[in-house]
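Here is a short briefing on one protein chain. Look at the sequence and the model first, then read on.

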Amino acid sequence: MADVSVMNHPNADRAAIDDIPPGAPAISADTGPSPRALKRAGIIAGIVALAMAGAGIATRITATDELKRVATATATPTVAVVRPTRAAAGDALVLPGNVQALNSAAIYARTNGYVRRWLADIGDHVRTGQPLAILDAPEVDQQLAQASADYQTALANQKLAATTAQRWSTMLAKDAVSRQEADEKAGDLAAKSALANAALANVRRLRAMQGFTRLYAPFNGVVTSRSAQIGQLVVAGNAAAQPLFTISDASRVRVFVRVPQGASAEVHPGMTATLSLPEYPQRTFPATMTRSAQAVDAQSGAVLVELQAANPDGALKPGAFAQVSFKVGAGAGNALSLPGSTIIYASDGPSVAVIDGNGRVTLKRVTIARDEGRTVSISQGIGVDDRVVDNPPDAIRTGDHVRVQGAPKSVADAE
């Protein structure tokens, strides 16, 4: 039997272990792995650790590169650009207008009284001098009667004074009375005559007041409002009172338009315009500009102009809203059109963002000749070959780098 103590010796060779014949006693449980096995295991573990570390480093490098790529792409905004187009001469300047009657009058009562009858209603065509309403004014009637009696008294006193003055003048010629007394009688006649004239003026005034109990149409027109009601108390001189009637002469209408200051030089008296109303979508009305205020309103920044248009069929109604189209030449064809969304409004004025061939942005100040809402006409600041950013970001500045999305659009495509 082999000596198993050799197996437990620390200097025993691995080969000796391998040479143990079959059936030999089992090696003791305290026997550990050999140094060769440990070295091999350590090498394998090192290789695995190096592989894992390399994989981690590669993953981090890839993630960093991806992050840099995303950050670079995010830092460069993508924008759409448009090309300016020349504004053709004869473009239409369309502005809102307010239609008013050529003549319009609010009819108030001139004397106190009660409405006895009204003789015209809204929509009625009336002629000059046609009665509209009748008022009852008993106080005025009594005042007129009293004034007439006072006038008769004044006439009687004047006649007596005239007779007395004539008699004293005759006696003065015969030296029967003194000149002083004759002059006193003549002065009394003059005073009585003045009182009679004052009484007559009061009678005429009250007769005129009595005449105001009938309301008449001042000109040919249409009744556009009526507030008179039978039995209604009418107080003259009440500023808060509504007019009893409103008469409008709409055979010809006035159209008032506020023209922006930038376009005020393109409109002038004598030029023609076209009116369109929402209730007549397929119809237009010719009008002629008659006058201009020749001043810019400080609040609206516009010039008030007036146009007139014939209205034989009454289609143009006073108080209506109309679109007024002026035929103007935007800067004699030198202006450029851009969408309104390209304009950057700042404290130093409007500007646009122009992109060069390298994708660099340059902010250019522009002068707006006319603002039509969806489009604007630019008279100075850009050229027809410029690429202008549409809907520019608020933070865009000169020198920024941007990426252009697609081919430049035209103004019509941008709309």
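The largest pocket has a volume of about 300 Å³. Among the 18 residues lining the largest pocket, His125, Val222, Ser248, Ala250 and Ser251 are the closest to its centre. The model is predicted: local features need pLDDT of at least 70, side-chain atom pairs count only at pLDDT 80 or more, and totals for chains, interfaces and linings use all residues. Residues are numbered from 1 along each chain as its sequence is written, and side-chain values use heavy atoms, with hydrogens and water left out.

**Pocket**
- Two or more lining residues of the largest pocket come from each of β5 (125–126), β8 and β10 (245–260).
- β10 gives the most to this lining, with four residues.
- A pocket is an open set of points on a 1 Å grid over the protein atoms alone, with protein on both sides within 12 Å along at least five of seven lines; lining residues have an atom within 4 Å of a point.
- Grid points are joined across faces, edges and corners, and the volume is the space filled by probe spheres set on the points, with a 1.4 Å probe.

**Asparagine 220**
- Asparagine 220 sits in the loop between β7 and β8 (221–226).
- Its relative accessible area is 34%, so asparagine 220 is partly exposed (buried is under 20%, exposed over 50%, partly exposed in between; 1.4 Å probe, protein chains only).
- Beyond its neighbours within four places in sequence, asparagine 220 is in contact with Val126, Arg127, Thr128 and Asp249 (contact means heavy atoms within 4.5 Å).
- The asparagine 220 side chain reaches the backbone nitrogen of threonine 128 at 2.8 Å.
- Glutamine 130 lies 90 residues from asparagine 220 in sequence, yet their C-alpha atoms are 9.0 Å apart in space.

**Sheet**
- Four strands form an open sheet in the order β7-β6-β4-β9, with antiparallel pairing (strands pair if DSSP finds at least two bridges between them).
- β7 (214–216) and β9 (233–234) are the edge strands; each has a single partner, so one side of each lacks a neighbour in the sheet.
- β4 (residues 113–118) and β9 are joined in the antiparallel sense by two bridges.
- Glycine 113 has valine 234 in β9 as its bridge partner.

**Whole chain**
- The chain has five helices and 22 strands (DSSP runs numbered from the N terminus: helices are H or I of at least four residues, strands E of at least two).
- Of the 415 residues, 29% are buried.
- Among contacts with a separation of 6 or more, 74% join residues 24 or more positions apart.

How values were computed. Polar contact = N/O pair within 3.5 Å; in protein donor to acceptor, adjacent residues only side chain to side chain.
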